Amino acid sequence: MVTVRAPATSANLGSGFDVFGAALSRPADVVTVERADRTTIEVTGVGAQYIPEDPEGNTVGAVVEALDAPAHIHIDKGVRPASGLGSSAASAAGAAVALNRLYDRGYSREELVPVAAEGEAVVSGVAHSDNVAPSLLGGFTISTTDGTNSVDARVPLVVCLPDVAVSTRDARRVVPETASMDDLVETVGNAATLAVGMCRSDPALVGAGMSDPVVTPERARLITGYDAVHDAALAAGATGVTVSGAGPAVVAACREGDRQAIAAAMLDAFADADIDARAYQTRIGEGATVVEE
Ligand SMILES: Nc1ncnc2c1ncn2[C@@H]1O[C@H](COP(=O)(O)OP(=O)(O)OP(=O)(O)O)[C@@H](O)[C@H]1O
Ligand SMILES: N[C@@H](CCO)C(=O)O
């Protein structure tokens, strides 16, 4: 038996659509695997009732296939599905690490990125790696078709999750198919600023680089109260605010001592829009860890 804790993640970070990702120190899924002749999946925890236990519909089923590693799999969800916090990816990353260990397959964490990404194709139609990469490797990650680079960044974050669901599949439908040259130049500048900020663990640069004129404005429309939450977080000291992944979670970069005030301000702004929400005072953290074997 192997048990792995796999962290939630925040993809895109505004300017890095389908490329940037960050592992969050909390929340996390816990995945336990035991050898079996036939794969069975049991899901408990946050939002378990919305997650298929049929291997064909669960992200971990694709990982089992890719590693040829049948198992009894128990997923204890700490990351709510359809949250924008890489819920589907956390399970896939946890299963990839656990099954790789259980069957002694010998893959490196980098080699497990495309394996776990197969799970993302099951739920969103695209095998994007920007959630599975940070959940596997930890830190800040830059994923392209050539592979993933990671930086062990230390940046405090607040993530505010409203009590509504947005599926990645639906949120991908509103992504514009084209962008102007002005928007491209602005996005490249912001993405470069953010990447430098991560290398220096500098919350001011990370926040400044989160702005994105192309995808985020369209995604923000799907989140009731987004503009007020964004402005409230900045007023409370956030250095930058954007949609986390495909939403509806909203992520703010900040300095260590400002997290509590920012979390309270974001919750108040959602409450003013009649939306219940919960806030995580978190930080960029480590990747999936084996907790028992
Ligand atoms: N192990 C799993 N954990 C969570 N969701 C799963 C899992 N397997 C399948 N799903 C399905 O995936 C969908 C949630 O994934 P989706 O990509 O929409 O949200 P997310 O992972 O929270 O968001 P994001 O990728 O934007 O961070 C739900 O329909 C859920 O039923
Ligand atoms: N890059 C993906 C991440 C989904 O979490 C998207 O924004 O659609």
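The model is a predicted one. The volume of this largest pocket is about 590 Å³. Elements that supply two or more residues to its lining are β4, α2, α3 and α5 (168-172).

Next, show the side chains around the pocket. Its lining has 34 residues, and those nearest the centre are P81, A82, S88, V123 and T168. By class, the lining of the largest pocket comprises 11 nonpolar, 16 polar and 7 charged residues.

**The annotated binding site**

Select residues R80, P81, A82, S83, G84, L85, G86, S87, S88, A89 and A90, which an unreviewed UniProt entry annotates as "binding site". Of this set, P81, A82, S83, G84, L85, G86, S87 and S88 belong to the lining of the largest pocket.

Now pick A89, which lies in helix α2. A89 counts as buried because its relative accessibility is 0%. Apart from neighbours within four places in sequence, A89 is in contact with E120, N131 and V132. Move on to A90, also placed in helix α2. A90 has a relative accessible area of 0% and is buried. With neighbours within four places in sequence set aside, the contacts of A90 are A6, P7, D29, V79 and S135.

**Helix α1**

Select residues 59-67. Helix α1 is largely enclosed by the rest of the structure, because 7 of its 9 residues are buried. Those buried residues are T59, V60, G61, A62, V63, V64 and L67. Then look at D68, which follows α1 and has a positive phi, near 45°.

**The second largest pocket**

Select D18, E110, V113, P114, H128, S129, S143, T144, T145, G147 and T148, the lining of the second largest pocket. The space in this pocket is about 210 Å³. At least two lining residues come from each of α3, β5 (140-144) and β6 (147-151). Which element gives the most to this lining? That is α3, with 3 residues. The lining of the second largest pocket divides into 2 nonpolar, 7 polar and 2 charged residues.

**The cavity**

Across the whole structure, a search for cavities of 30 Å³ or more finds 1. The largest cavity has a volume of about 50 Å³. To find it, select N12, G14, F17, D212, V215, T216, R219, T242, V243 and G245, which line it. Both α8 (216-220) and β8 (240-243) supply at least two residues of this lining. Sorted by class, the lining has 3 nonpolar, 5 polar and 2 charged residues. Why does the largest cavity lie between domain 1 (2-151 + 285-292) and domain 2 (156-283)? Both domains give residues to its lining, so the cavity lies between them.

**Annotated domains**

Residues 196-270 are 51% helix and 11% strand, and 32 Å separates the end C-alpha atoms.

Methods: Residues numbered from 1 in each chain as written. Chains lettered and ligands numbered in written order. Predicted model: local features only at pLDDT ≥ 70, side-chain atom pairs only at ≥ 80, totals over all residues. Heavy atoms only, no water. 1 Å grid on protein atoms, 1.4 Å probe; cavity = no way out; pocket = protein on both sides within 12 Å on 5 of 7 lines; lining within 4 Å. Points joined across faces, edges and corners; volume = space filled by probe spheres on them. Helix = DSSP H or I, 4+ residues; strand = E, 2+ residues; numbered from the N terminus. Nonpolar A, V, L, I, M, F, W, Y, C, P; charged D, E, K, R; others polar. Domains from an automatic or database assignment. Buried < 20%, exposed > 50% of the residue type's maximum accessible area, 1.4 Å probe, protein only. UniProt positions renumbered as here; feature names shortened; annotations may be inferred. Contact = heavy atoms within 4.5 Å.
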